[in-house]
Amino acid sequence: MFNKKGIAPFESKMWLASPTMHGEELEYMTEAYNTNWMSTVGENINEVEKTAAQKSGVKYAAGLSCCTAALHLCCKFASEKLYGKPAISHGALEGKRVFCSDMTFDATLNPVVYEGGIPVFIETEEDSWNMDPKSLEKAFEIYPDVKLVISAELYGFPGRMDQIKRICEKHGALLIEDAAEALGAAIDGKPCGSFGDYGAISYNGNKIITGSSGGCLLTDEIEVCNKAKKWSTQAREDAPWYQHEEVGYNYRMSNVIAGVIRGQYNYLQEHIDKKKAIYERYKAAFSDLPVKMNPITPGTTPNYWLSALIIDKDYMCEQLRSDNKALYIAQNGKSCPTEILKALSSINAEGRPIWKPMHMQPMYRMHDVIGREGTLRCRTNAYIEGGVRDIGAEIFERGVCLPSDIKMTAAQQDKIIEVIRSCFE
Ligand SMILES: Cc1ncc(COP(=O)(O)O)c(C=O)c1O
């Protein structure tokens, strides 16, 4: 019995974060249909690019099929600038170490691997759940030759990306900012997406606004924007026939999807306000429980995309996880993410463990992780042996993402709160 109070399940599933449409999206899509701009060209794309640049605080945006595509092109641009490799083949980062966020979705660094680069993970800062600037400094001490950093903002709650940028500048490195989850968030009033030499945002179906899919590459350089548009449409040269001097990709945004995104931008602030209200209701309701909500770094304005909690160490019941299963032993007054997820599922609500850190993923287990004290290979072992702390592993072990769908009513959220509270009884 995972639901100690016998609370009745929701009739329709309470999602972590599902799309919320308003009607205008359909009008813009229909316009694309009626004008026959059913392609990767059209007014919706132009408008999305204009709005994306303006909202993200950069001069230019290139509309692409997804944020992963944007991050891939960011890697190409960075490698071209750093190593002067002509963009005629894969392997632009061949054999090069790249400092990457550890506590993120793997799309942040997949493009590094597409290009033959070697991700080196930077420890997570306990107070922000984002890349730790002090560990990044240490990483440059150990690998002074590294010239590229990819840093993401987790769940729309930014850390100090401005500090990360300053550290990169000090070491002559370029920064790619993965603001996929942080559209509409800001640091000291400056929008997320504008801190990197190159930036990327996502309109994936679960994001704060969505086009079902889609993304933008963000830049202050018109040449980069134009080249992103060229590379994303198979790198055609200006010629009467199909003429190619560089490798191309089919990465451009569809004008139909751009219609959805165009309509959604009008509701960005409304979505943020609703997400914030959800976060604050959780925070108030759990104030007497041994848990904390996602940290808000001083000076930052989150977009509150996903609410998450972390259980205090002393109030964790026993929990054991393999690569694909989890067990726990229920204990009075204590709980764990596995118990909370089962309790949520018993009322037809979706939760999710905190993103599993990259250094704990089977494919990256032997990659370096750099913390404030230095390099630690295979950090999971260090953690088990009680050596240096592994902040990412700790947040993963004790953290859980909560239903954060903006269509959830206060009454529905109260039910979720009651079920979570009952786990600690
Ligand atoms: C941090 C992060 N980076 C990149 C991506 C990839 O975005 P997309 O699905 O638009 O490729 C996502 C989510 O999907 C993400 O959460």
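This is a predicted model: local features need pLDDT of at least 70, side-chain atom pairs count only at pLDDT 80 or more; totals for chains, interfaces and linings use all residues.
The protein is divided into two domains: domain 1 covers residues 24-265, and domain 2 covers residues 268-423. Taken over C-alpha atoms, their centres are separated by 26 Å. The two parts touch, with 40 residues of domain 1 in contact with 34 residues of domain 2. On the domain 1 side of this contact, at least two residues each come from strand E3 (118-122), helix H5 (133-142) and strand E6 (186-187). Helix H5 gives the largest share, 5 residues. Sorted by class, that side of domain 1 has 22 nonpolar, 7 polar and 11 charged residues.

Next comes the interior. In soluble globular proteins, nonpolar side chains tend to be buried together. The largest nonpolar core here has 127 residues, and those that touch the most other members are Ala70, Cys74, Cys100, Ala200 and Leu217. Helix H3 supplies the largest share of this core, 9 residues. The core lies between domain 1 and domain 2, because both give residues to it.

Ala70 sits in helix H3, which runs over residues 67-83. Is Ala70 buried or exposed? A residue counts as buried when 20 or more other C-beta atoms lie within 10 Å of its own. Ala70 has 33 C-beta neighbours inside 10 Å, and therefore counts as buried. Setting aside residues up to four places away in sequence, Ala70 touches Leu64, Ala200, Gly215, Cys216 and Leu217. Pro111 is 41 residues from Ala70 along the chain, and the C-alpha atoms of the two are separated by 9.3 Å. With its neighbours within four places in sequence left aside, Leu217 has contacts that include Ala70, Leu73, Cys74 and Ala200.

The model also has a ligand. There are 14 residues around the ligand, and Cys66, Cys67, Thr68, Ala180 and Ser202 come nearest. By class, this shell has 6 nonpolar, 6 polar and 2 charged residues.

The last stop is helix H10, made of residues 337-346. Which residues of helix H10 are buried? They are Pro337, Glu339, Ile340, Leu341, Ala343 and Leu344. After H10 comes Asn348, which has a positive phi, near 65°.

Methods. Residues are numbered from 1 along each chain as its sequence is written. Helices (H or I, at least four residues) and strands (E, at least two) are DSSP runs, numbered from the N terminus. A residue is buried if 20 or more other C-beta atoms lie within 10 Å of its own, exposed if 12 or fewer, and partly exposed in between; C-beta atoms are placed from the backbone. Two residues are in contact if their C-beta atoms, placed from the backbone, lie within 7 Å. Domain bounds come from an automatic or database domain assignment. Ala, Val, Leu, Ile, Met, Phe, Trp, Tyr, Cys and Pro count as nonpolar, Asp, Glu, Lys and Arg as charged, and the others, Gly among them, as polar. A residue is near a molecule or strand if its C-beta atom, placed from the backbone, lies within 6 Å of it. A nonpolar core is a set of buried Ala, Val, Leu, Ile, Met, Phe, Trp, Tyr and Cys residues joined through C-beta atoms within 7 Å.
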